[in-house]
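Please look over the sequence and the model before starting.

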Amino acid sequence: RYIASAQLLADMHGCNWPRRIPVVEGIAHDIPIYDRSALAIEAELLFDWYLPHVTGKTPDAATRADYLAAWGQAFDVLDKAEKTLVLRDYHSPNLIWRQELKGRDRIGLIDFQDAVIGPAAYDVASLAMDARVDVSRELERATVEAYCAARAAQGNFDQASFEAAYAVTAAQRNSKILGIFVRLNLRDGKPGYMKHLPRIRDYLSRALSHPALASLRAFYDRAGII
């Protein structure tokens, strides 16, 4: 199912999606751009919620500046990465397996109303590091390789550039999720999300192992985040 979902993503990313989509006559929807400003705001959720949770203190302004500077270097990688339609929560709760069908029709998609135009690698990271399911390193790698093989078959696919963007988007997404899950517990009284933290920390550690994230990894190590 993960392999099939990765191959479906590859098909979607091989399409040229328009940014403006007609809704009804005279009305069109402009798909928002998932730029570095939006990505940074989401990454700050870790700083504002998860970091105080694990350290027991509120970090100062200088630490925030260091954090955002490290992310700025990471986002430089995404400036050069391929952009396409990003569904944002492309993971198991939103993928419906329809075994009786064949080909790409086996995967039903829901929860794409917040779609944006952003890094193609983002949804691959969302799938291969599924926040709600323990995905082994082996299955993660198989999922990524299935996507890359399908994209390479389309022609003109730079896997090295994709792998760097995959690491950055995986680190950003899992950082955001750590912050959101702690916020759901502390602010919204929903402690059930806390059981997912060990899985998300493991995913984050995997993503930060990429050389493109050396500066960010150093910050996370110093801060005791992972």
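**Exercise 1.** Which helix gives the most to the lining of the largest pocket?

Solution. The model is a predicted one, and its largest pocket holds about 320 Å³ of space. Lining this pocket are 19 residues, of which Arg88, Asp89, Arg173, Lys176 and Ile180 are the closest to its centre. Assigning the lining to elements then gives the answer, helix H6 (residues 159-186), which contributes 6 residues. By class, the lining comprises 8 nonpolar, 3 polar and 8 charged residues. Arginine 88 also lies over the face of tyrosine 34, 4.7 Å from the ring centre.

**Exercise 2.** Classify the ring pair of tyrosine 67 and phenylalanine 219, and state which helices hold the two residues.

Solution. The ring centres are 5.3 Å apart and the planes stand at 55°, so the pair is tilted. Since tyrosine 67 belongs to helix H3 (residues 61-79) and phenylalanine 219 to helix H8 (residues 214-223), the pair ties together parts that are 152 residues apart in sequence. Both residues are buried. Phenylalanine 219 and tyrosine 220, with centres 6.3 Å apart and planes at 65°, form an edge-to-face pair. Ring pairs link Phe47, Tyr67, Phe219 and Tyr220 into a cluster.

**Exercise 3.** Find which element gives the largest share of the lining of the second largest pocket.

Solution. This pocket has a volume of about 190 Å³, and its lining includes Phe219, Arg222 and Ala223. Helix H2 (36-55), H3 and H8 each give two or more residues, and the largest share, 3 residues, comes from H8.

Technical notes:
Residues are numbered from 1 along each chain as its sequence is written. This is a predicted model: local features need pLDDT of at least 70, side-chain atom pairs count only at pLDDT 80 or more; totals for chains, interfaces and linings use all residues. Side-chain values use heavy atoms; hydrogens and water are left out. Rings of Phe, Tyr and Trp (its six-membered ring) pair if their centres lie within 6.5 Å; planes under 30 degrees apart count as stacked, over 60 as edge-to-face and the rest as tilted. Helices (H or I, at least four residues) and strands (E, at least two) are DSSP runs, numbered from the N terminus. Buried means under 20% relative accessible area, exposed over 50%, partly exposed in between (1.4 Å probe, protein chains only). A charge sits over a ring if NZ of Lys or CZ of Arg is within 6 Å of the ring centre and within 35 degrees of the ring normal. On a 1 Å grid over the protein atoms alone, a cavity is a set of points where a 1.4 Å probe fits but cannot get out, and a pocket is an open set with protein on both sides within 12 Å along at least five of seven lines; lining residues have an atom within 4 Å of a point. Grid points are joined across faces, edges and corners, and a volume is the space filled by probe spheres set on the points. Ala, Val, Leu, Ile, Met, Phe, Trp, Tyr, Cys and Pro count as nonpolar, Asp, Glu, Lys and Arg as charged, and the others, Gly among them, as polar.
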